Amino acid sequence: MTTLAAAKPAPARKPRHPYRAALATARGRTGLALVGLVVLAGLLAPLLAGHGPTDQSALALAGPGTPGHPLGTDDLGRDLLARLLHGIRADLGIIAVAVPLGAAVGCLLALAAAAHPVADTVVQRAFDLILAFPGLILALAVTAVLGPGRLPVILVIALAEVPAFGRLLRTGILVQSGREYVTAARVGGTSGGRILTRHILPNAADPLVVQIAVSLTVAVFLEGAMSFLGVGVRPPEPTLGAVLSQSMPYLAQAPHFAAGPLVTVTTLVLGLSLTAEALNREIRR
Amino acid sequence: MRRYLLRRLPSALLVLLAASFLAFALLRLVPGDPAAVLAGPDASPATEAAIRERLGLDDPLPAQYLRWIGGLLTGDLGPSYAIGGQTADLIADGLGATVELTLGALLFVVALGAAFGILGATSRNRWTLGTVRVLTTGALAVPPFVTGVLLVLVFAVLLGVLPPGGRVPLLTAPDLGVQYLLLPALCLALPSAAVLGRYLKDGIERTLAEDHIRTATAAGIAPRRLLWRHALPNALPPVVTLLGMQTGHLLGGAVLVEAIFAWPGLGQLAEQALVRRDYPVVQDLLLLLVTVFVLVQLLTDLVHARLDPRIRWE
Amino acid sequence: MTTPLLEVQGLDVEFTTPGGGSLHAVRDVSFTLRRGETLAVVGESGSGKSTTALALLRMLPGTGRITGGSVRLNGEELTTAGEERLRAVRGARIGMVFQDPMTALNPVLTIGRHLDEVLRAHGERDGRTRRARAVELLRLVGIPDPERRLGDHPHRFSGGQRQRVLIAMALAGEPDVLLADEPTTALDATVQDQILTLLGELTRTTGTALVLITHNMGVVARACDRVLVMYGGTVVEDGPTADVLTRPRHPYTAGLLAAVPRLSAPSGTRLTGIPGTPPDLALPLTGCAFAARCALAEERCHTTAPPLTAVTDTVRAACLPAAERGEPLPPPPPPAKIDRPAPGAVVLTAEGLRKTYRSRGRRSFTALDGVSLTLAAGETLGIVGESGSGKSTLARVLAHAHPSDGGRILLDGEDVTRPGRKELHAVRRRVQMVFQDPYASLNPRMTVGEIVAEPLRAFGIGTPADRAGRVAELLRLVGLDPAAADRHPRSFSGGQRQRVGIARALAPGPDVLICDEPVSALDVSVQAQIVGLLTDLQRDLGLALVFIAHDLAVVRQVSHRIAVMHEGRVVETGDADDLCEHPRDPYTRALLAAAPEPVPLAAVRVPAPAEAVSA
């Protein structure tokens, strides 16, 4: 192309890593701040709550601003702030295990697929199979065997993420392996392992970073939906989804019951979407 | 076209076969004696024995599997122990409701997704763009179970214009049926519509930046025609594939939406069967849903190939 | 005098950079075009030639906008015309053909639909008439069996045929002006020749004026009466092709002409590139854009912008000294002969190499079909061929990037066709490769230092502490500042990146260097620099060089011997000068005939209008 001017030597300042540049944009910062707020609330839950998440008081469905219960109480007189904060904490605990687990398994399978054509076929069919069970159907199948609880939720979320990460990385590796700089490295004597770790993977990883943010939102939804259907974490332990589903019968009567988890989930998901979008924009350039 | 179908068919059949193994294995993975689990805690040994006999639980596993598949192929699914009645009838009833819900949602997905995508990619109006952005972000950021309840709150409780739940079959009473269908279909459709809209927007924007659009512009073709006749045909094939994937999500989401709106479909049936530990029904349902999904995928692949002339020649 | 067909006055185009600054891509460009005239706009990357073309139709991409000047078509102002009016001009009054025929057609529409859309846009309402006209247009541009081909999609056509279809589309509205932006750059020389012939015939028979934008001086000489030379967004010289190409007034034109390899230049000569890099368009321009690179620049050249002034009746130049000189610049000295030692013993031998690519399913493609060749120490073997001739596959097989399916490769007489892991490592240390695309062949995530150090590390050369010093030494060797080691490839220009690629290839101290189209992606003035660098390195390091290119002129200049490849076979090999002067194979002759030389036709033949240009 001759339309635009040729590349000029960049200013002397060393360019920042593209991810950092992406996160420094207004969009990226807002996203990170929103996510950080929710995460911090979850981490500090025992300090901030003031009540145990399952402690019951005589006040049922007290409105917000009630002395001692800033967000009010639920139908069983439990403090909503405590339930919300501990719910965030429980959700974070599930998500922080499930998404990395799914991502790791997916990436390992993708690496196996890159190693041998037979492995590739097997892995691809396995991904097809998992994808053939849409999210909640998978959840039903897993809980059918394991019963409700924390482990099935983690397992369902992880399983749902395996093909997402696996397919992305597999495509990334395929695309990058065909690039000329990889041939150049091979001709330059670089060993196969180093080509994979130093050349192919750093360039194939970009879409994965975006996928992590997307997967975290999917995980929040799945947890909520499973709690809502009664196949999630066992009550009375609070999760965001559990508190929300409890509040549903009282929606018209005591909307503050639902407000806490609703705002939290929306904040978290919005933060994650903004972060993903910021990263995506920078990477696509 | 036939050659393309033949090439895609084996892997689809493979997935179905593997899915049937998984569904079959489910009942056998549940801890404890399956017959005892199915019969429930209070059942007499005679009931348990009858169940064992009916399901052939004493036979070797391959024989059990073949009996099950044979039953599926002949339409004989046996009775449902926990819910009562014939499993085939239960599924047939639920299937109608779920298909109605999913198709209704699909209509919303296509209409809203197209509107979001095309407006988002082509509008120059800041307010239009802002609205599209807020709606798509909102549809993705609010979980469907919350959207569902909010929809009920607004349209059924506050405004009282639509029923809060339940179903009147569309074929028996179209005007009433639509009223019942509207909210659940919309609730089910919103996240998928947002995904489709974003994808379509990206696709159109990418296509509009391609060289051939420049060629067409230089030839004096009007912007409107450029969008509809030149850019959309290019952006469409991947969107069709995405739509296939989203149909799977709709089937999954139906489980949730049916619970919110008391919609008597397969999702409700699955949840009931699960709660009452009626594993044969769960097993049948799983395989049915996967089959539908695989068929939809196959169909979208064919449509994709039809829309993109390059694929047929590869 | 009647009003000219197209009159451009003081055109300015600016872009907004991502940083918020502005980039002045076109500065004060003026020219006129008369009915039926053929005008070439020539310049290197960043000269603003394509931007100018797009600005005429108000089709500037992204943030581009016209900030000054006027464009008049038959007296009608286009810079302020409404969208509706512009659409009536696009296609109907000014037709445009773009560079890359592979992407310029819509892959999901048939060729018939493409033409139909254009004809419909220009008011032809009757479907049957449109179809008849489409067939007629395809026949006009030389597509055989047009009725049947209307229903085919673009991927069923070859690159040359697609370009013909694009020309048909541009001509569908019977425009007064055809704007062709690098129409043959993506095509092979023989196909380029056919397309230029077609354009010539069409403009003559239809009376359409042609504006041909190109970087190739040979194309200018071949196709146009008049030429406009652009540099740094400005017009530096403008005049009849015969005058400008033989008696340049502007030092840039002269430098560009001196840098173009000519088929007539014998083997072992050196081209003079233009030192330095083009100006940064984001900076304000004071004085002449070329002053920083000009050997003849005077004090005032840096401070006063030179106006485009008439130096003769027909030639205008934007150069203060040239305006006073009155004489054309002296012709460049004949290419300097470089003294290089005679080639030594044979290091690399290939015998009957075969390579077949199997695409999934039925069709397989034989890229190499029994290729044999030898290469001696200190020798340059040139390999020429068009796309699909197998020359790049040969490079990859020789460099052990891909295995061969048959035949033998000998290194110092030892069979290394299918080496073991250890052997392969040893072979790679001795045989290195330079790649065509300086953008794709460098890992964007690594710094230049890391890239060059990669082979040092792989072959265990030096301690990690020594390597930084060795990298600096290598960078200096290829003419780069050692400080470049800390930067990423994206902050370098194409020529600089190619130097990085050469430094990487030299790192393990190889005996054989395989260069796969090392200069094809570069501008002519940069190309001359890189070719010079490779020649120097060969002489100083005693390298055996395989130099692959599609441009016979460059190959002749650098090579001792040449092998011509066609459809996976070597059709002719021989001494470089001998092969170019006395070609034996018909394919070699066709290649030689198609190579465009930067010599105006008038200077070669006796001007005789009756003698039509035909293939």
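The following dialogue shows how to read several features of this predicted model.

Trainee: Which conventions apply to the numbering and to the predicted model?

Mentor: Residues are numbered from 1 along each chain as its sequence is written, while chains are lettered from A and ligands numbered from 1 in the order in which they are written. Because this is a predicted model, local features need pLDDT of at least 70 and side-chain atom pairs count only at pLDDT 80 or more, whereas totals for chains, interfaces and linings use all residues.

Trainee: How many helices and strands are there in chain A?

Mentor: Helices (H or I, at least four residues) and strands (E, at least two) are DSSP runs, numbered from the N terminus. Chain A has 12 helices and zero strands. Its C-alpha trace spans about 75 × 50 × 30 Å along the principal axes.

Trainee: What are the corresponding values for chain B?

Mentor: Chain B contains 13 helices and zero strands. The C-alpha trace of chain B extends over about 80 × 55 × 35 Å along its principal axes.

Trainee: What percentage of the residues of chain A count as buried?

Mentor: A residue is buried if 20 or more other C-beta atoms lie within 10 Å of its own, exposed if 12 or fewer, and partly exposed in between, with C-beta atoms placed from the backbone. In chain A, 53% of the 285 residues count as buried. For chain B the value is 42% of 314 residues.

Trainee: What share of the contacts in chain A joins residues 24 or more positions apart?

Mentor: Two residues are in contact if their C-beta atoms, placed from the backbone, lie within 7 Å. Among contacts in chain A with a separation of 6 or more, 69% are between residues 24 or more positions apart. In chain B, the share counted in this way is 71%.

Trainee: At what angle do helices α7 and α9 of chain A pack?

Mentor: Axes are lines fitted to C-alpha atoms, for helices over the stretch in contact, and angles run from 0 to 180 degrees between N-to-C directions. Helix α7(A) (residues 150-177) packs with α9(A) (residues 192-204) at about 125 degrees, their axes being 8 Å apart. This angle makes α7(A) oblique to α9(A), because angles under 35 degrees count as roughly parallel, over 145 as roughly antiparallel, 65 to 115 as roughly perpendicular and the rest as oblique. The residues of α7(A) that meet α9(A) are L169(A), G172(A), I173(A), Q176(A) and S177(A), and their partners are I200(A), N203(A) and A204(A). By class, this contact has four nonpolar, four polar and no charged residues; Ala, Val, Leu, Ile, Met, Phe, Trp, Tyr, Cys and Pro count as nonpolar, Asp, Glu, Lys and Arg as charged, and the others, Gly among them, as polar.

Trainee: How do α16 and α17 of chain C cross?

Mentor: The axes of α16(C) (residues 494-506) and α17(C) (residues 524-541) come within 10 Å and cross at roughly 15 degrees. That makes α16(C) roughly parallel to α17(C). In this pair, G494(C), G495(C), Q498(C) and I502(C) meet V526(C), Q529(C), I530(C) and L533(C).

Trainee: Which residues of α9 in chain B are buried?

Mentor: Six of the eight residues of α9(B) (residues 211-218) are buried, and the helix is mostly covered. They are H212(B), R214(B), T215(B), A216(B), T217(B) and A218(B). These buried residues pack against α10 (223-261) of chain B and, in chain C, against β6 (94-97), α3 (111-121) and α6 (159-171). After α9(B) comes G220(B), with a positive phi near 90 degrees.

Trainee: How many residues of chain A are in contact with chain B?

Mentor: In general, the size of an interface is often given as the accessible area lost when the parts come together. Here, residues in contact are counted: 29 from chain A and 36 from chain B. Elements α5 (117-132), α6 (135-146), α10 (206-228) and α12 (256-284) of chain A each give two or more residues to the side of chain A that touches chain B. The largest share, eight residues, comes from α6(A). By class, this side of chain A divides into 22 nonpolar, five polar and two charged residues.
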